[in-house]
Amino acid sequence: MMAKDIDWSSLGFGYIKTDYRYTRAWKDGKWDEGGLTDKAEVTISECAGVLQYAQTGFEGLKVYRTKDGHVVAFRPDLNADRLQSTCRRLIMPEISKEDFLKALDELIKANIDYVPPFGSGATLYVRPFIYGSGPVIGVKPAPEYEFRMFCTPVGPYFKGGVKPIKLLLSDYDRAAPHGTGNIKAGLNYAMSIYAGEKAHSLGYNENMYLDSGTRTYVEETGGANFLFVTKDNKVVTPKSDTILPSITRRSLMIVAKDYLGLEVEERPVRFDEVKDFVECGLCGTAAVISPVGLVHTKDGDIKFASGMEEMGPVISKLRETLTGIQMGEIEAPEGWIHRI
Ligand code: PLP
Ligand code: COI
């Protein structure tokens with residue numbers, strides 16, 4: 001699809017092929033020069049590490065057109081850091097922060113017409129990833145890798161935009177203690193598809209996962225971290241070694257404290273506390289902050305006071321402030337906005 005033919009306001013969270021993507025190959029112990037290509041397909045060994053043993057990790061970030069016409073990315077340096085930690089855990093070669101940001105700048109400049117207009121409700125989602133492209137038949141790191149980055153314009157992650165969603169308390173686990181829950185490995189998502197489809201078929205948008213060791217604490221969903229609001233307006237988020245350290249969540253905690261003057265707390269959150277919170281939101285690059293209306297459990301529904309019709313006041317203020325910062329309407333903390 002050509003950029004000029006896109007109806008920005010009707011976009012969902014899907015893939016649209018844009019004109020260019022960035023690619024860089026790792027072979028004989030080093031990365032090549034790297035650069036843009038218009039070829040959206042990849043050709044790899046049938047025995048590639050990614051195909052046989054899921055040796056792959058990815059990132060997700062968004063690019064915005066600001067009110068005054070700049071094109072910016074939100075905290076991409078943190079995506080570069082997190083991709084490096086994913087690579088270390090999956091024994092894949094790392095990309096330096098500098099090279100990551102250079103690839104991002106080149107990619108966006110080459111696809112500039114796909115950056116949605118300010119105020120359209122759409123954004124440009126960027127997907128960087130690294131995978132084992134060379135052959136391995138024994139279980140070990142692949143001998144060759146590819147780093148790629150593509151972008152696709154997107155609308156809201158959850159159907160219906162910003163209406164409260166329903167969660168299912170999952171019978172399945174997302175991440176094991178001392179496993180890979182804290183990195184962005186493709187394998188974490190592969191094994192969540194079954195539970196995700198089950199939740200969808202029962203009429204729920206997503207799963208709430210508990211810690212798999214004790215099934216006592218709230219972890220996260222398949223693609224976002226939790227934020228809760230207490231009766232006295234304190235913002236609480238689960239602390240756990242087996243959830244992905246969400247950049248959106250880390251940013252929202254700063255927004256809550258420094259912009260909205262709210263008390264914030266990052267600590268283990270017991271599942272039996274959930275019923276006492278008045279608002280609940282899912283935060284992530286794709287989700288931004290999406291309000292949750294209820295969590296279904298075998299013992300009945302936990303309903304948040306904010307209800308199923310609209311966002312609660314604190315989540316709503318958090319969302320407004322964060323998106324205002326991202327779109328250049330509210331002054332950002334130092335270093336949060338990367339201008340392209
Ligand atoms: N948790 C999981 C499992 C995710 O896939 C994501 C998405 O990236 C997040 C949380 C949110 O992280 P971020 O805010 O960095 O996008
Ligand atoms: C993101 O928010 O960028 C993610 O990667 C989540 C994914 C489930 C779409």
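Is Lys 184 buried or exposed? Lys 184 is buried, because 23 other C-beta atoms lie within 10 Å; buried means 20 or more such atoms within 10 Å, exposed 12 or fewer, and partly exposed in between, with C-beta atoms placed from the backbone. This is a predicted model, where local features need pLDDT of at least 70 and side-chain atom pairs count only at pLDDT 80 or more, while totals for chains, interfaces and linings use all residues. Residues are numbered from 1 along each chain as its sequence is written, and chains are lettered from A and ligands numbered from 1 in the order in which they are written.

**Around Lys 184**
- Lys 184 sits in the loop between β9 (165-169) and α4 (186-190); helices (H or I, at least four residues) and strands (E, at least two) are DSSP runs, numbered from the N terminus.
- An unreviewed UniProt entry gives Lys 184 the feature "modified residue: N6-(pyridoxal phosphate)lysine"; such annotations may be inferred rather than shown by experiment, feature names are shortened, and positions follow the numbering used here.

**The ligands**
- Ligand 2 is surrounded by Gly 60, Gly 223, Gly 284, Thr 285 and Ala 286, where near means a C-beta atom, placed from the backbone, within 6 Å.
- Among the residues around ligand 1 are Glu 220, Asn 225, Ser 246 and Arg 249.
- Helix α6 (residues 247-259) gives the largest share of the ligand 1 shell, three residues.

**Helix α2**
- Buried residues in α2 include Pro 76, Arg 82 and Thr 86.
- After α2 comes Ile 91, with a positive phi near 50°.
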